[in-house]
Amino acid sequence: MADIEIKLDNMKIKPHEKITGHIIVNYSGLYDGVVINTQILGTNELVVWREYNGKKITQNVSRLFINKDFMPDNKVDFVATIEFEPIEAYDVKFRASIIQQHKEVENAQLFANYSV
């Protein structure tokens, strides 16, 4: 089993639709938390984070850091959206990293598709 895993419930993302995903940390060492980075390839648009583990996110952030103290059983469930109307199909990169003392120790990534 990998040290960190990231999964989306649906790999085909539509505008304004909830993107639900999950991160599982199996890392045996100490760590401070995880950070999730996203990139919509070929655009300057952002993924908008809505909540993680039931906690609402009130500001727009491009990188979402989640402290280990807010990760029961070393898991994170998150919700995000993409708000712009695509004129073509785009790949969306999701990258989750384990952070220890401001350094990345492990990561996992996946690509989803964003279109109408």
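Q: What stands opposite histidine 22 in E8?
A: Aspartate 77 does. Strands here are DSSP runs of at least two residues, marked E and numbered from the N terminus. This is a predicted model, where local features need pLDDT of at least 70, side-chain atom pairs count only at pLDDT 80 or more, and totals for chains, interfaces and linings use all residues. Residues are numbered from 1 along each chain as its sequence is written, and side-chain values use heavy atoms, with hydrogens and water left out.

Q: How many bridges join E3 to E8?
A: Six, and the two strands run antiparallel. Two strands count as paired if DSSP finds at least two bridges between them.

Q: And what is opposite histidine 22 on the other side?
A: Lysine 7 stands opposite histidine 22 in E3. E1 and E3 (residues 19–25) are antiparallel, with five bridges. Isoleucine 6 is also bridged there, to isoleucine 23 in E3.

Q: Which face of E3 is covered, and which uncovered?
A: Ile19, Gly21, Ile23 and Val25 make up the covered face. Thr20, His22 and Ile24 are on the uncovered one.

Q: What's the strand order in that sheet?
A: E1-E3-E8-E5-E6. It is an open sheet of five strands with antiparallel pairing. E1 (4–8) and E6 are the edge strands, each pairing on one side only.

Q: Why is E5 called largely enclosed?
A: Four of the five residues of E5 (residues 48–52) are buried, so the rest of the structure largely encloses this strand. Buried means under 20% relative accessible area, with a 1.4 Å probe and protein chains only; exposed is over 50%, and partly exposed is in between.

Q: What does E5 pair with?
A: E5 pairs with E8 in the antiparallel sense over four bridges. Valine 48 has threonine 81 in E8 as its bridge partner. E5 also pairs with E6 (residues 55–56), again antiparallel, over two bridges. There, glutamate 51 stands opposite lysine 56.

Q: What about the turn between E5 and E6?
A: That hairpin has two residues between the strands. Asparagine 53 takes a positive phi near 45° in it.

Q: Switching to rings. How many aromatic pairs are there?
A: The whole structure has five. Rings of Phe, Tyr and Trp (its six-membered ring) pair if their centres lie within 6.5 Å; planes under 30 degrees apart are stacked, over 60 edge-to-face, and the rest tilted.

Q: What else does phenylalanine 84 pair with?
A: Tyrosine 114, in a tilted pair. The centres are 5.3 Å apart, with 55° between the planes. This pair links distant parts of the chain, 30 residues apart. Phenylalanine 84 is in the loop between E8 (75–81) and E9 (90–100), and tyrosine 114 is in E10 (residues 103–114).

Q: Are those residues buried or exposed?
A: Phenylalanine 84 and tyrosine 90 are buried. Tyrosine 114 is buried as well.

Q: Which residues form the aromatic cluster?
A: Trp49, Phe78 and Phe94.

Q: Which charged end sits over the ring of phenylalanine 70?
A: That of lysine 55, 5.3 Å from the ring centre. The cut-offs are NZ of Lys or CZ of Arg within 6 Å of the centre and within 35 degrees of the ring normal.

Q: Back to E10. Which sheet is it in?
A: E10 is in an open sheet of five strands ordered E2-E10-E9-E4-E7, with mixed pairing. Its edge strands are E2 (12–13) and E7 (63–67). E2 and E10 pair in the parallel sense over two bridges, and lysine 12 has asparagine 113 in E10 as its bridge partner.
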